[in-house]
Amino acid sequence: MLSILILLPLIGAFAIMLAGRQDEADTARYIALFTTLITFFASLGLWIGFDATSAKFQFTETGPWFKDLGIGYHLGID
């Protein structure tokens, strides 16, 4: 879920770039608003499920990125 919350604004920015220059301001505003609302509603699940009494990382995501170099991907909320 955290990866999605990071990627959604990037996808929105990419969509604004692809929108072109036709009626640029309005299109960019609507794409930005839509992306922001989707990101906000997606983050509500994390907010509701967060346990403030725990000192551990929550909603963690881990995975190898470059195994040969020992580099991994790790996200979490503390």
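Two strands pair if DSSP finds at least two bridges between them; strands (E, at least two residues) and helices (H or I, at least four) are DSSP runs, numbered from the N terminus. This is a predicted model, in which local features need pLDDT of at least 70 and side-chain atom pairs count only at pLDDT 80 or more, while totals for chains, interfaces and linings use all residues. Residues are numbered from 1 along each chain as its sequence is written, and side-chain values use heavy atoms, with hydrogens and water left out.

**Fold and hairpin**
- The chain has two helices and two strands, in the order α-α-β-β from the N terminus.
- β1 and β2 (residues 71-77) run antiparallel and are joined by six bridges.
- Gln58 has Ile77 in β2 as its bridge partner.
- Four residues lie between the strands of this hairpin, and Gly70 takes a positive phi near 70° there.

- Asp51 sits in the loop between α2 (24-49) and β1 (58-66).
- The relative accessible area of Asp51 is 36%, so Asp51 is partly exposed (buried is under 20%, exposed over 50%, partly exposed in between; 1.4 Å probe, protein chains only).
- Asp51 and Asp78 are 27 residues apart in sequence, and their C-alpha atoms are 9.6 Å apart in space.

**Aromatic residues**
- The structure holds three aromatic pairs (rings of Phe, Tyr and Trp, the last by its six-membered ring, with centres within 6.5 Å; planes under 30 degrees apart are stacked, over 60 edge-to-face, the rest tilted).
- Trp65 and Phe66 are stacked, because their ring centres are 5.7 Å apart and their planes at 15°.
- Trp65 and Tyr73 form an edge-to-face pair, because their ring centres are 6.1 Å apart and their planes at 80°.
- Trp65, Phe66 and Tyr73 make up one aromatic cluster.
- Trp65 is exposed at 55% relative accessible area, whereas Phe66 at 43% is partly exposed, and Tyr73 at 33% is partly exposed.

**Overall dimensions**
- Along the principal axes, the C-alpha atoms fill a box of roughly 50 × 35 × 10 Å.
- Of the 78 residues in the chain, 15% are buried.
- The accessible surface is about 6,300 Å², with 68% belonging to carbon and sulfur atoms (Shrake-Rupley method, 1.4 Å probe; for residues, only the protein chains shown count as cover).
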